[in-house]
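Take a moment to look over the sequence and the fold before reading on.

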Amino acid sequence: MILHSKPTIGKDEIKAIKEVLLSCQLSQGKKTREFEEKFSEYIGTKYAIATSCGTSALHLALLSLGIEKQDEVIIPNYTCCAVLNAVLYVGAKPVLCDISEEDYNIDFQEVKKKITKRTKAIIVVHLFGQPANIDKFLSLSIPIIEDAAHAPGAEYKGKKVGSFGKVNVFSFYATKFITTGEGGAITTQDKKIYDKIMDLREYDKKASYRLRYNYKITDIASSIGIVQLSKIDTFIKKRRYIASIYDRNFNSLPVIIPKIFPNSKSVYYRYCIRVKNRDRVKKEMIQSGIEVKKPIFKPLNKYLNLPGFKNSEKIDKEILSLPIYPSLKKNEIEKVIQTIKVKL
Ligand SMILES: *Cc1c(COP(=O)(O)O)cnc(C)c1O
């Protein structure tokens, strides 16, 4: 079976964990600070805070903006449930918004229609590693939370995503772009937000009481993250190389391939095509030994029984995510291409 996604783990990660285990400093400590410094330097922000996962990063990001009951947060309808959960954690109202057929990211015109006096933030997810048109969203003068869980290293107008929003989040879950098993990070340029998140992430040894969390990462996880981060540019190069081979081969087929935009550079966390008989093609690809997937389990409006998300529902019916990851071999790429050609 050619797997759909696979973490790229080598001797260096194993050596890093071993060192931490033998050092006896297992929970959040020196390694985490090192990971945070290197991550903020890589993304190009003043601050980075590592967290237990991407969901806790989102929760802290919303808390840092003071979002609470009565507030509305606009989120894309076509994204992972974690985004919806985080908005509900703070008691705010999630306002779902349809996506664009061009880049599968939250649609700017639709967002404008959903803004009210109560809108306190917009979560912009850079879906599948393809940067959203962030300039437009920044022009709205509403705090932007970039969710770059799919897109560390992706660029918009020469700057990395996760450096534009007021506060931004990443995930290092096992199958994400780089991994720490479970883990996440928040980036920001704002000292006040940084201080607030640092305070909320851990509960102990505080002068006064308030509701705080245990959203710390471990030094074991951070030590893997440091090694993964040192390889991220080679991961990106490899993914872009595979995407270029797919592009070249699928260009002339009756499928829609990921679009390329002049202002941005995708990191191809997912390589998704759109096909008419998706369910049949998906089934036959799997029978041929290639694990392909629906990249999003369900649009959020389907969980909440809300009508009227035309693009999300159309894309959800047609989209098919193909294997793409740094360790995918040449003969495997070739098999994916040949099988698609036969099964379409
Ligand atoms: C994975 C993911 C998250 C949540 O991250 P976890 O580390 O699994 O909590 C949030 N947003 C997006 C877009 C994701 O893909």
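This is a predicted model: local features need pLDDT of at least 70, side-chain atom pairs count only at pLDDT 80 or more; totals for chains, interfaces and linings use all residues.

Turning to the overall form, the C-alpha trace spans about 65 × 55 × 35 Å along its principal axes, and its secondary structure comes to 13 helices and twelve strands. The radius of gyration is 20 Å, close to the 20 Å that the globule rule gives for 344 residues, so the chain is as compact as a globular protein of that length. Buried residues make up 56% of the 344 residues, and of the contacts between residues at least 6 apart in sequence, 68% join residues at least 24 apart.

What lies inside? The largest nonpolar core holds 42 residues, and Leu 62, Val 73, Ile 75 and Ile 123 are the ones that touch the most other members. Several elements each supply at least two residues of this core, including strand 2 (72–76), helix 4 (81–89) and strand 4 (119–125), while helix 3 gives the most, with six residues. If we follow Ile 123 as an example, and leave aside residues up to four places away in sequence, its contacts include Leu 58, Leu 62, Val 73, Ile 75, Val 87 and Ile 145. A second, separate core of 40 residues has Phe 35, Ile 43, Ala 50 and Val 161 among its members.

How values were computed
Residues are numbered from 1 along each chain as its sequence is written. Side-chain values use heavy atoms; hydrogens and water are left out. Helices (H or I, at least four residues) and strands (E, at least two) are DSSP runs, numbered from the N terminus. The radius of gyration is taken over C-alpha atoms; the globule rule is 2.2 Å times the number of residues to the power 0.38. Buried means under 20% relative accessible area, exposed over 50%, partly exposed in between (1.4 Å probe, protein chains only). Contact means heavy atoms within 4.5 Å. A nonpolar core is a set of buried Ala, Val, Leu, Ile, Met, Phe, Trp, Tyr and Cys residues joined through side-chain atoms within 4.5 Å.
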